[in-house]
Amino acid sequence: MSDINKYDYVRFSVADIHGRSRGRVVPARHVEKYLTTPDTIFAGFLSFGLLNEVVSSGKCKDERMPKAYAVPDLSTLYKVPWCGNDDTKVAEVMCDSYWLKTRSAQLACPRYVARQQLEKLTNLGFSLFSGYEVEFTLTQSGKAHPLEPDYMRQRLVSKHGDFLFYVEDCMHQAGVDIGSFHSEWDAGLYEMVLQPLYGIKSADSCITFKNGILEIGDKKDYTVRFDSTQESADVGMHFNHSLWSLSSGVNVFHDPDNPDGLSTLGRHWLAGLLKHAKALSAFFCPTINCYDRLHKPNLPGPIYWSTDKRSACIKVKSTKCETYIENRIPSGMSNPYITMAATIAAGLNGVLKKLECPAPDKKVLTNDLPHTLSEAIGELQGDADIVNSLGKEFIDWFICTMKMDIESSCRVAQFNHE
């Protein structure tokens with residue numbers, strides 16, 4: 001409680017299925033009471049649609065009626081420097097959501113799902129070391145994107161330096177370590193690379209960044225967007241990760257004597273990612289718009305891995321000292337918790353079943369990622385290994401949310417057509 005007492009307000013936040021932080025702001029004088037007797041929240045907030053619609057069909061409708069409450073993880077307490085002012089200090093705490101009646105976890109809570117997958121790794125003697133490359137488009141309010149791409153152009157970073165440097169400084173104060181940032185290939189597109197961390201801290205950090213930069217944009221008259229396909233850019237969020245032994249402290253993906261520096265265990269893990277790539281696309285590309293980003297030059301489409309090709313779904317990167325895997329499928333709209341959980345579920349399935357990894361750069365014409373969200377949902381529903389690993393309740397809530405987003409998009413498209 002000593003650190004939390006330094007703040008005037010504390011935000012208690014739970015990330016919903018789309019990765020948006022939701023919760024209450026509690027004045028300092030009520031924080032202790034909130035920690036011991038938390039207020040209830042609407043149980044169905046996890047499955048709000050992209051337009052904040054209420055999911056009202058199937059199992060989700062039945063599950064939404066009871067109340068839930070947020071259980072804070074005080075180890076996640078961080079300063080929110082972009083909220084408040086010199087006289088008002090604000091902090092935030094990450095939470096998982098629990099059912100009020102049974103005092104049991106909401107199994108559809110993305111952070112809880114990720115923690116459960118990490119626990120499986122721990123029980124097998126491993127830890128996950130991971131980081132995200134987060135892309136976004138940036139425009140000043142009332143101004144259009146530049147007409148030409150400007151890859152790694154320092155002049156462009158300098159032009160928006162007041163905003164970009166402010167973001168980096170705020171994130172550093174909030175405990176989010178940005179290793180580097182630059183302008184990307186597409187016009188108005190930027191990438192900030194988050195430093196890797198062990199366990200759930202990596203996804204917590206990415207959730208803080210993605211929500212925080214949107215809030216900063218609101219205050220600084222900048223529009224920040226993660227939509228996967230935009231007028232001038234395709235937006236991704238690559239997920240870099242490696243597996244480490246808890247007993248020896250070594251990178252178990254690394255074997256300098258094996259081809260491409262990838263160990264036998266690493267090859268099994270990679271095989272799992274490739275086998276389940278179609279089902280995982282629903283998690284990595286969770287909007288209709290996401291599928292316009294795929295199947296383009298230098299972007300994922302055919303399901304294969306490589307060490308150097310940008311169109312590969314998975315890239316293996318290795319040096320004399322380390323090896324890690326870059327999952328290139330996730331879009332800018334993917335939820336960091338769900339991306340982490342789904343990656344572990346697929347990789348671990350490959351390890352436990354000792355799946356055989358195909359050769360690098362081997363494409364099969366009939367083996368492509370889905371072309372639509374509906375197709376991806378069908379692949380997910382048919383993948384028993386992934387459904388069983390992540391849990392049927394989570395899958396039901398996730399699919400319910402995605403289907404409602406599809407229906408909403410269709411209604412909007414019909415309205416615009418008329």
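The side chains of Asp385 and Lys353 meet in a salt bridge with an N to O distance of 3.0 Å, a salt bridge being a side-chain nitrogen of Lys or Arg within 4 Å of a carboxyl oxygen of Asp or Glu. Asp385 lies in helix H11 (residues 384-390) and Lys353 in the loop between helix H9 (336-352) and H10, so the pair ties together parts that are 32 residues apart in sequence; helices (H or I, at least four residues) and strands (E, at least two) are DSSP runs numbered from the N terminus. Asp385 is partly exposed at 25% relative accessible area, as is Lys353 at 45%, where buried means under 20%, exposed over 50% and partly exposed in between (1.4 Å probe, protein chains only). The model is predicted, with local features requiring pLDDT of at least 70 and side-chain atom pairs pLDDT 80 or more, whereas totals for chains, interfaces and linings use all residues. Residues are numbered from 1 along each chain as its sequence is written, and side-chain values use heavy atoms, with hydrogens and water left out.

In total, 18 salt bridges are counted. Arg111 pairs with Asp73, the closest N and O atoms being 3.0 Å apart. Arg111 is buried, with a relative accessible area of 3%, whereas Asp73 is partly exposed at 24%. Both residues take part in a network of salt bridges that also links Asp96, Arg115 and Asp204.

Arg111 also contributes to the lining of the largest cavity, together with Ser13, Val14, Ala15, Ser21, Met94, Cys95, Ile207 and Tyr337. Strand E1 (9-15) and strand E6 (90-99) are the elements giving two or more residues to this lining, and the largest share, three residues, comes from E1. The largest cavity holds about 50 Å³ of space, and a search of the whole structure finds three cavities of 30 Å³ or more. A cavity is a set of points on a 1 Å grid over the protein atoms alone where a 1.4 Å probe fits but cannot get out, and lining residues have an atom within 4 Å of a point. Grid points are joined across faces, edges and corners, and volume is the space filled by probe spheres set on the points.

In helix H10 (residues 373-381), the buried residues are Leu373, Ala376, Ile377 and Leu380. Viewed down the axis of H10, these residues fall within an arc of 100 degrees, so they line one face of the helix; the arc is that of the directions from the helix axis to the C-beta atoms.

Terms used:
On a 1 Å grid over the protein atoms alone, a cavity is a set of points where a 1.4 Å probe fits but cannot get out, and a pocket is an open set with protein on both sides within 12 Å along at least five of seven lines; lining residues have an atom within 4 Å of a point.
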